[in-house]
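Let me put the model up and we'll walk through a few spots together.

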Amino acid sequence: MKNKLLILFLLVVNTYASQINGRVVDADSGAPLSFVNVIVLNTEIGAATDLNGNFLITGLEPGFYRLMASFIGYDIGYSDEVQINDTKNAFVTIELKQKNIELGTVTVQASTFEKIEESPLSVQQIQVSDIEKNPGANRDISKVIQSFPGVGSTVSFRNDVIVRGGGPSESVFYLDGIEIPNLNHFATQGASGGPVGIINPDFIQSVDYYSGAFPANRGDALSGVFDFKQKSGNKEKMNGRAVIGASELALTMDGPLGEKTTYLASVRRSYLQFLFGALGLPFLPTFNDYQFKTETQFDPKNKLTIVSLGALDYNRLNLDIDDPTEDQEYILSYLPESDQWNYMIGANYTHFRGKSFQNYIFSRNMLNNEEFKYLDNDDELPKIQDYKSQEIENKFRFENTVRVRDYKISMGLGLQYVKYNNDTYRQIFVNDQVVDKVYQSDLDFFKYAAFAQVSKPFFNQRLSLSLGMRTDLNNYSDSMSNPIDQISPRFSASYVLARKWNLNFNMGRYYQLPAYTTLGFRDNSGQLVNKENDLKYIGVNHIIAGFEYLPYVDSRIAVEGFYKEYSQYPFSVLDSVSIANKGSDFGVIGDEEVTSTSKGRAYGFEISGRLVFLNRLNTIFAYTFVRSEFADYSGDLIPSSWDSRHIFTGTVTKGFNRGWQAGGKLRVLGGLPYTPYDLNKSSLVAAWNTQNRAFWDFSRYNAERLDPFVQLDLRVDKQYNFRNIALLLYLDIQNILNYQAKQPDIILVDADANGNKIIENPEAPFAEQRYRLKRIENSSGTVLPTIGVVLDF
């Protein structure tokens, strides 16, 4: 019997090793390279390319791998990290750059950390294992980003992208070179945040995250640029992956579509509405999304990539709670219900010609956002808030990259046609009276861009310099139509001090268009108020300097100092604060009257590193000291809402035998500033009824500060590999220390025994009547365990 069971087990469990297929090409011409040596990093396993540049490496156990390619006359090249198991092989393309001059007395340390000529510093490369195994992230790419240098966050379940003290609307995102407007479900219109990432992590090959030194072909960013590179579909057979995650069910398929085309496609649906309902939470969110990619390699010189991404989100209030608590009643009283959907579809056509290649990029994206709330949450009563808005962008971008001797030259043009519409009804309390904010807006205009960048090495490639120039303009107004006003120069330098040491520098000026909600805002008479206020592009100057140490081929330690100076930031006329401080809440940001008069600055330093020990123990750490300040109504610099001062993240993962892996992540965030309440204004019945929550005292903006926040996350993975199936089980525990982060107290209207709101002076005229308010303590943070299942077939 034991022998029979052993034979049966051997038939089920696959003892055959996995493999990696690939191709090595010239980075500039796209031509395949023959007889290139390709080895698996930190092993002696390898192969050589054939006459068509193809290679096949076998004899690998399931896991994460990077490849190294070497060839006479070319710099050593490295692949992105790939994940393989016995049901899913990987296909990689390695691009090699030609050597123009042999190094003299200087030998450069070979490194998997690719040095980008235009951006020699402030760039982090996020690999597959960082996404798949990150403790506390639950395979959410938006949460993974928060583990890297300079990225702050609010102490909540949101995924706001806050880079080096900048606001959550200051970053841009690209998917295979195509810009995407939204990174999260339930996105805050006018910013970047939301509770759940919209990108399926099963599509991501790698991410280049720029916190400065932006290349000239990436515009409309003040603090961050994120370039997501997607995987290619399997060329030989169809594969699938089914996932039960922390909040959703997902199905991903990939495979061939003919001899020259591959595809990836996925759908995801959340089950949060059922979980939240069972737990008795006051809101019931539901999200759905799809994603697909096709890649057609017509021949070695021509490739077409088509990508699309879309989401359907809606949030409803849970009005079936039998006996709601005070904090549940608070959320139910002010939170609106929402419907939101968005999509992006784009095509990137690449053509190689000689020592150059051209990209023709077309895309369209659309956001539809609706929010509404009924009086007393009764849909038979009038709405007290009704908001509908759409943003539509149709884009074209052309890029040409050419190498002439030692020079790398990039140049291009951009054109966008934008449509924005808005239908708003909302009550606000201004100048001691209730005002109906009612307007409809319909706006369309063109945006234009031109850019160029030249890079060149000197002194036997010991010194590398790059100079770029960009301008952006549009026909929204005369203030934004002059290209000279938005000239955006940038300069980078990198110097090899010694074999393992580099000194890096960058300075540049960057511009960003204010949010469409701000451009399209109208008063009740229908006038584009901010256009009349001479609204301008937001500007920022960056100066960054630092050095890096490369102890091993796959390890790196870097120290950088940075300074950012903002100008022409929109300043809220109603609240007398910079719009830079807003964006960390759900809803809409920027739909108000502003002036382009706000100034600010952010400065500090970072110490970061990635160390790999014995190819099994991986460590990522980052400490950022940052000060972020923006001018108040009197022009004095005060701490911004993102002035966390100290950000530390340390992540350690360790692989073990038999498919086990464990890891932990410690995150320490300095206390963020916050604004006290204006209880005198909030107690007015007329004022409270407009928003059902307390008003901030903007005369004391960010005068208080929260305590620091500490969170420790743990994760354990176990992978089983069978003949035609691979099964991954993981346990992820967020905030295992159960750290409670104190938040600003919640202000409520006191009620009598019958649940009626108590008015302290009911005999007074309505405009003078006041509610009796009470304060309850508020904190966030709880132990959150999650069990995940990933099935590859």
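Predicted model: local features only at pLDDT ≥ 70, side-chain atom pairs only at ≥ 80, totals over all residues.

**Strand pairing and surface spots**

So, start with S17 and strand S18 (residues 224-230): the two run antiparallel, and six bridges join them. I say strands pair when DSSP finds at least two bridges between them; the strands (E, at least two residues) and helices (H or I, at least four) are DSSP runs, numbered from the N terminus.

Residues are numbered from 1 along each chain as its sequence is written, and side-chain values use heavy atoms, with hydrogens and water left out.

Back to S17. Strand S10 (residues 123-127) is also antiparallel to S17, with five bridges joining them. Over there, Gln125 stands opposite Asp208. And how enclosed is S17 (residues 204-210)? Six of its seven residues are buried, so the rest of the structure largely encloses it. Buried means under 20% relative accessible area, exposed is over 50%, and partly exposed is in between, with a 1.4 Å probe and protein chains only.

Now along to S25, another mostly covered strand, with 14 of its 19 residues buried. On one side, strand S24 (residues 337-353) runs antiparallel to S25, joined by 17 bridges. Met344, for instance, has Asn365 in S25 as its bridge partner. These two strands form a hairpin with two residues between them, and Gly354 in the turn has a positive phi of about 60°. S25 also pairs with S26 in the antiparallel sense, over 19 bridges. There, Asn359 has Glu399 in S26 as its bridge partner.

While we're on phi: most residues other than glycine have a negative phi. Which makes the next two worth a look. Asp376, in the loop between strand S25 (356-374) and strand S26 (383-404), has a positive phi of about 55° although it is not a glycine. Asp376 counts as exposed, at 64% relative accessibility. Then there's Phe459, also not a glycine, with a positive phi of about 55°. Phe459 sits in the loop between strand S28 (433-458) and strand S29 (463-474), and its relative accessible area of 63% makes it exposed.

S28 also holds Gln433, which is partly exposed at 46%.

Last stop, the surface. Leu251, Val267, Tyr290, Ile725 and Phe793 make a nonpolar patch of about 400 Å². For patches I take residues with over 30% relative accessible area and no salt bridge, joining like charges within 9 Å and nonpolar side chains (Val, Leu, Ile, Met, Phe, Trp, Tyr) within 5 Å. A salt bridge means a side-chain nitrogen of Lys or Arg within 4 Å of a carboxyl oxygen of Asp or Glu. Tyr290 lies in strand S22 (residues 283-299) and is partly exposed, at 31% relative accessible area.

And there's a negative patch, formed by Asp320, Asp322, Asp323 and Glu329. Asp322 is in the loop between strand S23 (302-317) and helix H5 (326-334), exposed at 79%. Okay, over to you.

How values were computed
Areas by Shrake-Rupley, 256 points an atom, 1.4 Å probe, with all protein chains shown as cover. Lys, Arg positive; Asp, Glu negative; His and termini not counted. Charge placed at Lys NZ, Arg CZ, Asp CG, Glu CD.
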